[in-house]
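Grab a viewer and a pencil.

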Amino acid sequence: MSKMRYGLVSFIFILTSIPFGKLSSAGEVVYDAGIETEYVDQRVDVVNDQSRIDAGNIILRPYLAMIYTARDANLFIRADHYNTYRNLEDENLTNNYTEFSFRGDYSIVRNLLVLRASGANGFRSPSAETLLVDDFLLNTDQLSKTQFSRISADFTLPRGDYFGLDFSTGYANQTVRSNDNIGNNSLFIDLNNDSYFFNLNAISGETIKNARITLDADINYIKRDLNADFVSQIVSLNNDIKLFGQIGLALNATYENNDVKSTEESIDRLREFYSAGVGLIWQTDNERSIEVAVNRSKSNSNGANIDDDEELNDEEDTFMSVDINWRFSNRTYLEALFSRRFFGDSASVLLTHSLRNWRTRISYTEDVSTNLRLLANNDQGLFICDNGSTDIADCSLTDSLDTQLDTGQFLVPFTTQTLSLNDQVLLLKRFSFETAVTRRRTTLSITGTVADQTELETIRDLRTEQFGANVVFAFSRKTDLKIGHILSRTNGILEDNSIVDTTVNETNIRLIRKLTRRFSASLAFRKLKRDGDFDQIAGTGGIEGPFTDNRITFSVKYNYGNRR
């Protein structure tokens, strides 16, 4: 039994072990089930050998989404099965794919201690360069099976007279299984990684006058299948002491350590980092403050010395830091930190803006972890989608930027995590922009991301730029038109010193018509064009070089459920 299945069984066992009367007193089951049949006429034009692939494809997709809610427990499960039949010129192929996800929670002590579990099973390309290209109808041999699962215990104690506390600890598993038909290619590897995490946020209580003390800790231990274990530790302590009026003295200290548990070698780019600073803070209330401090830092290489010269291994520096937390109004909030970490100058920014029918979110983050661990993290979006759907036509704009989700609801950003399927330690610097507006019968979403991916154990260094736009026109209660476009460019250096520079353009147009209460039909056109240098993925079993993929899809969907 796989670890993901074991986690699911364990979670369900915990739920069912609770006295039945307690759950059933307020329990309710809501489900959606159905089947969708698609016929896809596909034509692929390959530039390098001037060849053409014509295929008639039939996809049968039965699906089930179920939500269980009770006073102290919630559970969401969704399963989709894809049966694909491909009629090619020289052969016929039949493949089956099953995708599955679940999410649940149980309040052991209401509003204090919650047990959470989640997981997902899906398919994706192992390479960031071919992520938007490979699917169930193109380069299917390149798809790898992914399984992500997570279980945690979350403890929350609101700030009181003496202190406030948020505490979370748990276990996660990330598994990758490659296709058996791809041969011995370095892009396709099997992985089974376990990770353990601990997060702590503590704040002093209200009885401590004229001072506010905060302690934050984030500790992760990742057991890697093919490489040495990776440990990351970040601990910060801040003390703001009121001097006069709205001005205070700011004291802060930070410790960060990212270490690969190997006795054979030390990775210079993973360094131990200490800093301490003193400055001034201007605070008008709990949601409006600006802090400026002067800091002294020291960093040194982990493990054995990489150089006989100690001055090259130990680095000391003095730098300025700026910390801004400012709520301009109920609609606009800015959170920004400009400081320094072991890799150099560092920043973290979050800007949110909300109007009645318009939401905007701008963020910049810097994370150090493994590719797989970062892939398992979900981005925040502006759209609420029910039953695990990722189609903007099935989603609605959030009521606010701090929306509380119900069971079975997800915040979908309509952007793609362009990370490779490996367990290398990665420094990910990512800028993200998303804005969405709903006006009468029109919904518009515009997204953009720029991600710099530096693998610290290799020379792999990629930059991905992605722009997307989606618009939905509701002509009537029964007819929708969806238009979407994605432009993505990936360039950089790979492990073997080869240079990659690829561009993908994808346009989708889809007309959806609701025929009856349970039946709907749609007609769609999709064009995907890939250009650039593709020598780095030669021999992976997929189409090499530039090509164009044109598809015309007609589908009929039957849905049955008891959702009101």
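What follows is a set of worked exercises on a predicted model.

**Exercise 1. Find which elements give two or more residues to the largest nonpolar core.**

Step 1: list the members. The core has 11 residues: Phe 148, Val 176, Leu 191, Leu 372, Leu 374, Leu 375, Leu 419, Leu 421, Leu 426, Leu 428 and Ala 451.

Step 2: Helix H4 (371-376) and strand S21 (425-439) are the ones that give two or more. H4 gives the most, with 3 residues.

Step 3: look for another core. Apart from this one lies a core of 10 residues, including Phe 230, Val 260, Leu 270 and Phe 273.

As a bit of background, nonpolar side chains tend to be buried together in soluble globular proteins.

**Exercise 2. Work out how strand S14 pairs with S13 and with S15.**

Step 1: start with S13 (residues 288-301). It pairs with S14 (residues 314-327) in the antiparallel sense, over 13 bridges.

Step 2: move on to S15 (residues 332-341). S14 and S15 are antiparallel too, over 6 bridges. Here Trp 326 has Leu 334 in S15 as its bridge partner.

Step 3: S14 and S15 make a hairpin, with 4 residues between them.

**Exercise 3. Describe the largest cavity: its volume, and what lines it.**

Step 1: count. There are 2 cavities of 30 Å³ or more in the structure, and the largest has a volume of about 60 Å³.

Step 2: Among the lining residues are Ala 128, Glu 129, Leu 132, Thr 418, Arg 489 and Val 504. Strands S24 (479-493) and S25 (499-514) are the elements that give two or more residues to this lining, and S24 gives the most, with 3.

Step 3: sort by class. The lining divides into 5 nonpolar, 5 polar and 2 charged residues.

**Exercise 4. Now do the second largest cavity, and follow Ala 451.**

Step 1: take the volume, about 40 Å³.

Step 2: name the lining: Thr 416, Gln 417, Thr 418, Leu 419, Leu 428, Arg 430, Thr 449 and Ala 451. By class, that's 3 nonpolar, 4 polar and 1 charged.

Step 3: compare the lists. Leu 419, Leu 428 and Ala 451 line this cavity and also belong to the largest nonpolar core.

Step 4: zoom in on Ala 451. Leaving out residues up to four places away in sequence, Ala 451 touches Leu 428, Lys 429, Arg 430, Leu 462, Arg 463 and Thr 464.

Notes: Residues are numbered from 1 along each chain as its sequence is written. This is a predicted model: local features need pLDDT of at least 70, side-chain atom pairs count only at pLDDT 80 or more; totals for chains, interfaces and linings use all residues. Side-chain values use heavy atoms; hydrogens and water are left out. A nonpolar core is a set of buried Ala, Val, Leu, Ile, Met, Phe, Trp, Tyr and Cys residues joined through side-chain atoms within 4.5 Å. Buried means under 20% relative accessible area, exposed over 50%, partly exposed in between (1.4 Å probe, protein chains only). Contact means heavy atoms within 4.5 Å. Two strands pair if DSSP finds at least two bridges between them. On a 1 Å grid over the protein atoms alone, a cavity is a set of points where a 1.4 Å probe fits but cannot get out, and a pocket is an open set with protein on both sides within 12 Å along at least five of seven lines; lining residues have an atom within 4 Å of a point. Grid points are joined across faces, edges and corners, and a volume is the space filled by probe spheres set on the points. Ala, Val, Leu, Ile, Met, Phe, Trp, Tyr, Cys and Pro count as nonpolar, Asp, Glu, Lys and Arg as charged, and the others, Gly among them, as polar.
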